[in-house]
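Dear colleague,

Please find below the structure that I am handing over to you. My notes on it follow directly after the sequence and coordinates.

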Amino acid sequence: MANTPTAQDEHRVVEAAPTGLFIGGEWRSATGDRTLVVEDPSTGEPLTEVADATPADGAAALDAAVAAQDSFARMAPRDRGEILRRTYEIMTARADDLALLMTLEMGKPLAEAKGEIAYAAEFFRWFSEEAVRIDGGYAIAPNGASRFLIHKQPVGVCLFITPWNFPAAMGARKIAPAVAAGCTMVIKPSELTPLSMHMIADILTEAGLPPGVLNVVTTSEAGPVMEPLIRDGRARKLSFTGSTPVGRILLAQSAEKVLRTSMELGGNAPFLVFDDADLDKAVEGAMLAKMRNMGEACTAANRFLVHRSVAEPFAEKLAERMGTLTVGRGTEEGVQVGPLVDGKSRAKVDGLVRDAVEKGADVVVGAEPVDGPGYFYRPTVLRDVPIQARMVREEIFGPVAPITVFDDDDQALAAANDSEFGLVSYVFTENLDRALRVSERLESGMVGLNTGLVSNPAAPFGGVKQSGLGREGGRIGIEEFLETKYVAIGFSG
Ligand code: ADP
């Protein structure tokens with residue numbers, strides 16, 4: 001494929017994406033042939049239509065997952081690992097087409113979409129390696145009178161709900177460990193971006209995943225389709241990535257049948273720049289932490305807290321970088337910032353910016369939507385954002401960097417921790433003692449120390465406080481899909 005894909009390339013990748021529901025190893029239409037439209041957010045034009053699952057389709061998907069669970073749990077770990085390894089290989093070989101499809105349905109620039117495909121594929125590779133490392137133990141009871149056998153078993157049927165901002169990776173990091181552990185599943189991708197998940201389902205099938213192990217139900221009725229599955233009792237685990245309000249609803253629903261839950265919820269990441277920071281490094285990190293995915297990431301830097309002595313040069317350097325970014329359709333060469341995902345998201349970002357400005361923030365650059373079709377918003381830097389501004393508390397989910405100043409470390413830490421969220425924090429300092437002290441005291445599941453990017457399939461991703469429960473990726477990632485069984489063995493010597 002040339003650097004800028006042609007209209008034919010676009011047509012070809014959209015045509016190649018399955019548009020049905022994937023249930024019991026087959027693509028089928030929704031009950032009543034219901035469909036929903038998938039839009040290109042850079043034009044607002046429809047891309048294609050896909051099946052729109054009803055509650056009856058959801059129930060069929062759960063039945064298929066339940067039917068497949070026993071035999072899949074008994075498949076040899078090596079065989080499960082090989083399916084994941086082949087999935088990694090196929091995704092890598094088809095990265096260009098998968099990335100183009102993602103850019104079309106979600107808007108991110110092609111280079112970022114390729115990055116996400118590589119990231120998603122890496123979850124399959126990582127967990128292909130973990131599938132054969134599920135271990136157990138044997139021990140002598142303290143009084144010597146019995147023996148303990150401890151081993152790990154798959155939790156059973158899983159339900160997954162994923163968002164639109166990383167249409168491939170958010171699913172991959174649930175599916176890959178579930179397959180490695182021997183669990184079957186029903187996944188509901190976001191109705192805004194289902195095509196990437198449909199392609200992954202196809203690739204997993206090509207890689208040898210047995211029918212019924214993965215079932216995909218795209219729907220415009222997330223609640224009515226998923227709630228009965230959560231309350232059914234046959235699924236044993238719910239893993240969700242999305243907003244904290246929806247996470248709370250799902251946790252309450254999960255309580256009825258005491259499901260195991262993993263929750264990757266909202267964030268409000270502080271980005272701390274101390275007076276001894278390397279400012280160029282900090283600006284580089286800020287661009288990554290703020291602008292990856294147009295700011296539409298739960299890991300996005302949401303509050304820039306900068307020491308008073310370096311606030312001026314930091315704001316200037318950041319504004320210069322933000323102001324010269326190329327905004328446009330993600331398929332075009334050189335574009336660095338794509339559209340926001342829909343009109344509602346853009347209106348929310350603009351509302352937060354106006355609120356901050358009305359309350360006294362200064363606009364350094366940007367602060368307005370881009371005219372014309374698509375849901376573009378100008379990269380924005382705001383200074384002196386007052387504590388009363390809504391964006392100090394709420395996730396912005398857009399290309400907006402609000403800066404406030406601090407005078408000492410305690411003040412910086414207090415401001416950073418003054419949030420109901422606790423997903424990730426970013427810290428820029430060249431002083432090792434300060435770096436360690438601050439990292440230890442930050443209330444977040446992850447810290448980016450002199451880096452604006454923490455996500456890595458080999459590392460444990462997740463938050464504390466109202467940012468979530470559990471971890472995805474790393475050695476710990478597979479544990480979320482395993483139960484510990486203990487067998488007490490009578491021993492008469
Ligand atoms: P975002 O703001 O990122 O879209 P949401 O939490 O609204 O975050 O959505 C994340 C995922 O949760 C999407 O797949 C969406 O369809 C789904 N979702 C939203 N509301 C519900 C609900 N009540 N029950 C189940 N899933 C839901």
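The structure, which is a predicted model, holds 6 cavities of 30 Å³ or more. The volume of the largest cavity is about 80 Å³. Its lining consists of Tyr119, Asn165, Phe166, Met170, Arg173, Arg292, Ala297, Cys298, Thr299, Ser455 and Phe461. By class, these divide into 6 nonpolar, 3 polar and 2 charged residues.

At least two lining residues come from each of β12 (269–273), α13 (409–417) and β17 (424–428). This lining comprises 6 nonpolar, 6 polar and 3 charged residues.

I turn next to the domains. The assignment for the chain gives domain 1 (7–265 + 468–485) and domain 2 (269–456). Taken over C-alpha atoms, the centres of domain 1 and domain 2 are separated by 30 Å. Contacts join 26 residues of domain 1 to 30 residues of domain 2.

Two or more lining residues of the largest pocket are given by each of α8 (222–232), β10 (237–241), α9 (244–255) and α12 (343–358). Of the elements, α9 gives the most, with 7 residues. The lining of the largest pocket divides into 19 nonpolar, 14 polar and 14 charged residues, and at least three of its residues are drawn from each of domain 1 and domain 2.

About 470 Å³ of space lies in the second largest pocket. Its lining has 26 residues, with Pro109, Ala111, Glu112, Val335 and Gln336 nearest the centre. Here the elements giving two or more residues are α4 (95–106), α5 (110–130) and α10 (279–291). The classes are 13 nonpolar, 5 polar and 8 charged. The second largest pocket likewise draws at least three lining residues from each of domain 1 and domain 2.

One annotated position deserves a separate paragraph. An unreviewed UniProt entry lists Glu264 under "active site". Glutamate 264 belongs to strand β11 (residues 260–264). Is Glu264 buried or exposed? Its relative accessible area is 2%, so glutamate 264 is buried, the cut-off for this class being under 20%. Leaving aside residues up to four places away in sequence, Glu264 touches Arg173, Phe240, Thr241, Gly242, Leu423, Phe461, Gly462, Gly463, Ser467, Gly470, Arg471 and Glu472.

Asparagine 268 is found in the loop between β11 and β12. With a relative accessibility of 4%, asparagine 268 counts as buried. Which residues does asparagine 268 touch, not counting residues up to four places away in sequence? They are Asn302, Arg303, Val392, Arg393, Glu394, Ser419 and Phe421. Of these, Arg393 is 125 residues apart from asparagine 268 in sequence, yet the C-alpha to C-alpha separation is 7.2 Å.

Finally, two residues are noted for their backbone. Most residues other than glycine have a negative phi. Aspartate 33, however, has a positive phi near 55°. Aspartate 33 lies in the loop between β2 (26–28) and β3 (35–40), and is exposed, with a relative accessible area of 57%. Asparagine 293, which is not a glycine either, has a positive phi of about 65°. Its place is in the loop between α10 and β13 (301–307). At 0% relative accessibility, asparagine 293 is buried, whereas aspartate 33 is exposed.

With kind regards

Note on methods:
Residues numbered from 1 in each chain as written. Predicted model: local features only at pLDDT ≥ 70, side-chain atom pairs only at ≥ 80, totals over all residues. Heavy atoms only, no water. UniProt positions renumbered as here; feature names shortened; annotations may be inferred. Helix = DSSP H or I, 4+ residues; strand = E, 2+ residues; numbered from the N terminus. Buried < 20%, exposed > 50% of the residue type's maximum accessible area, 1.4 Å probe, protein only. Contact = heavy atoms within 4.5 Å. Nonpolar A, V, L, I, M, F, W, Y, C, P; charged D, E, K, R; others polar. Domains from an automatic or database assignment. 1 Å grid on protein atoms, 1.4 Å probe; cavity = no way out; pocket = protein on both sides within 12 Å on 5 of 7 lines; lining within 4 Å. Points joined across faces, edges and corners; volume = space filled by probe spheres on them.
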